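Please look over the sequence and the model below before reading the points that follow.

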Amino acid sequence: VDFQLDEGQLRWREEIRSFLRETVTPQLLDERSRHGSENPGPATVEFRRKLGEKGWFGLTWPVEFGGLGLGPVYQHILMHEFEYAGAPGPDLTVTSVAPMIMRHGTELNKREFLQPIARGELRVAVGYSEPDAGTDLASLRTRAEPDGDEWVINGSKIWNSLAQYATHEWLCVRTDPDAPKHRGISVIMVPIDSPGITIRPLITWADFQTNEVFFTDVRVPRTNLIGEPNKGWQYITGALDLERGALTNAGDLRRAVDDLLQLARGPLPDGTRPIDDPDARATLAQLDADVEAAVLMGLEASSLLEAGQIPTVTVTTEKIFTSELRQRIADAATRMLGMSGLLAPDEPLAPANGKFQKLYRSAPLLRFGAGTNEVLRDVIAQRAYGMPRYGR
Amino acid sequence: MRIVKTAEHQEFQRSLRDMLADSCSPALVRSLKQPDSNGFPARLWEALRAAGVFGLALDKEHGGEDATLYELGLFFEEGGRALCPSVVYTTLQAGVALRRLGGPEHAECLTALASGELIGTTALWNPSDAADLRPTLSARPIGGGWALDGTLPFVQNAELADVLLTTATTGGTDGPARMIGLFLRRPEPGWSVRPLSSLAGDKQSHVTFDDFRVPAADLLTGHDGRGVRQDDLRWTANAVLALQCMDMVGGAACVIDQTVAYVKMREQFGRPIASFQAAQHLVADMRITLDAARLTATQAIWWVSRGETAMRQVAIAKMHCSEAYKWITLNSHQLQGGMGYVRDTDLHLWSERAKLTEVLGGSAGTARHWLQHELGLTGAR
């Protein structure tokens, strides 16, 4: 056990911090607060280019695939620092989809997709959920039928975030309608500009754009199927573990509590100081202690990954804990800041540019997204303690 | 940064767990709580001596094992599982305290503590707030030594202990009031001890001193001969708190294991109650709070073990451990229903330990005050 960064890790963190000091400009932060990650403006595009130059998209990829071959702890440190700084880090294409291609893809899949991903040129929208297949994902009905050298795809996907920005759909489809539901699913890479794709925006409560995407007789080459047909379920459930690990870094939580501590010490627009209230002080200390635990959960998960384990329970615990903590931070902040905490981001008097009222609206996503916390609690009971499955 | 236990540490813990399973049964724990028991587990004590546990974190020159407080923390984690009797803990804590606060003249006593020949206890801080280091005893200089007056509240195992480490405030003729550390040997016929009947049956007493004479040689002089300093005392308090947190983590994990075994076996409506989602979610929540407690406690003992005061890490660990252990026992009562509620079954033994350790040294609320202070949200204490 070692709770301190070693010399190499310290140097790594310093390298990241100095990169962020140079590249995270006020324009970038402004763009991020206005548009999030889903509609990147010029500053975000420029930032991603510099990130690609560093080779940091392929941070944990093996050297043979053009990556830097760094371990999960190094990746974790990078994600933490990026989230703390509010910078757009390597996204799901890099952290989740690419490793799946490396592990399960055909030789052609690897040649065709990995290099463009490493250069930041290939960006996917993840097409899993459907109107009737959400938490019960294996019930998905979008189908792909073989026709000569092509797959013909029909159906629709929902909560398809980033479709407006992606170059490809990473699409889960049914390729064997007669097999048991978990055994007839495949993953196909579909260029987003293929004829027959329609994107309908859905705007969330947090102003974040997600989409419903329709596929009508969309044709892609047979070779775009990832790995082998009908093995998609085992590929993507592996990826969900990685995705949860990547999604649940506590860097943004550490930043939120640090920002709140700073706000609470100074006078609000009405002249009061939150820390003069003993309740507020107790709440701040509690949030600080909880963020500490969240950070440790992430470091433990990445340490276990580095030791060659698949820490399903640890990552699941971390996902539930961080997502619920995010909501509690936003709730505590909006109570502590009073009416001024509700001000919209473009109001000049809004504390921290309205960050906390926005966080209040964005926090629900990660409680039900990437595996709803209720199902994940089942996962903990069943995987950690062998409690019985009951029909899932 | 590497939060993974080494194979050696896992093996070490397994051997401790086997030893405690053999010599520290719930039946023993139950018998020691009885009012007519003196709280001394003779067979367990011999097993611990044979395993070198008493000298684990003490130096080779005193017959110790030269391991660190982190390894001693692993013992506390296993001790928490088995509800290791408090007299073992207070003796280990006395060793940790004497190593930090004593001078060369206490080498012999350290050696005796390291081998388990002496039983020890400490009263070095407010038992309800370990960050409060103000002595409750006063000391008057008299004939080259000291006369002590006052009461120490809530001393564990005072009736059994051969030695007691405590502090006093000086007054009288030798200049301004200051704190002195004292290494007291049990006199014949003994201290004035009033045993207290308390929730966990853990041998708490009030110890009263009335013109109690202490030779000058029994002062704790510190390694540089300048006496006990606040920062040494603060480190000692935090070391003991971090060890206690490790005990709480082990106890909480053991309660979850017992709970899961019960709900898998117990059937209602024709199926094990473990198959109900409501039961699974309660267990998952136990696990989540346990993970937070385990990680923060391990972090605290690791930093203290490196000689750091680690006030922030200790405060955070105590906040998590106090609430986690308590709620895990209370939710275990919920899941085990009547079967966990009767005194014939053992769950209440852990529930009592959880409540005791929640409050001992300071509750989560107390620890939150320590953290507020660390965060600069409140002024100097």
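Contact here means that heavy atoms lie within 4.5 Å. The model is predicted, and every value below is computed from it.

**Nonpolar cores**

- The largest nonpolar core has 198 residues, and those that touch the most other members are A:Phe82, A:Trp170, A:Ile329, B:Leu69, B:Phe75 and B:Val88.
- Helix 7 of chain B, which covers residues 230-265, contributes the largest share of this core with 20 residues.
- Another core, of 19 residues, lies apart from the largest one, and its members include B:Ala168, B:Ile180, B:Trp191 and B:Val214.
- Leaving aside residues up to four places away in sequence, A:Trp170 touches A:Val97, A:Met100 and A:Ile101, the run from A:Val124 through A:Ala125, A:Val126 and A:Gly127 to A:Tyr128, then A:Val187, A:Ile188 and A:Met189, and finally A:Ile226.

**Helix 12 of chain A**

- The 13 residues of this helix (residues 373-385) should span 18 Å at 1.5 Å a residue, and the end C-alpha atoms are 17 Å apart, which agrees.
- The helix is mostly covered, since 10 of its 13 residues are buried; among them are A:Asn373, A:Arg377, A:Asp378 and A:Gln382, together with A:Val375, A:Leu376 and A:Ile380.
- A:Gly386, just after the helix, takes a positive phi of about 65°.

**A:Ile199 in strand 6 of chain A**

- A:Ile199 belongs to strand 6 of chain A, which covers residues 197-203.
- Not counting residues up to four places away in sequence, A:Ile199 touches A:Ala163, A:Ile192, A:Asn211, A:Glu212 and A:Val213.
- Between A:Ile199 and A:Trp159 there are 11 Å in space, C-alpha to C-alpha, while in sequence the two are 40 residues apart.

**Chain B as a whole**

- The secondary structure of chain B comes to 11 helices and 10 strands.
- A compact globule of 381 residues would have a radius of gyration near 21 Å, and chain B, with 21 Å, agrees with this; along the principal axes, its C-alpha atoms fill a box of roughly 80 × 50 × 40 Å.
- Of the 381 residues of chain B, 58% count as buried, and the chain exposes about 15200 Å², of which carbon and sulfur atoms supply 53%.
- Among contacts in chain B between residues at least 6 apart in sequence, 74% join residues at least 24 apart.

Note on methods. Residues numbered from 1 in each chain as written. Chains lettered and ligands numbered in written order. Predicted model: local features only at pLDDT ≥ 70, side-chain atom pairs only at ≥ 80, totals over all residues. Heavy atoms only, no water. Helix = DSSP H or I, 4+ residues; strand = E, 2+ residues; numbered from the N terminus. Core = buried A, V, L, I, M, F, W, Y, C linked by side-chain atoms within 4.5 Å. Buried < 20%, exposed > 50% of the residue type's maximum accessible area, 1.4 Å probe, protein only. Expected span 1.5 Å × (residues − 1). Rg over C-alpha atoms; globule rule 2.2 N^0.38 Å. Areas by Shrake-Rupley, 256 points an atom, 1.4 Å probe, with all protein chains shown as cover.
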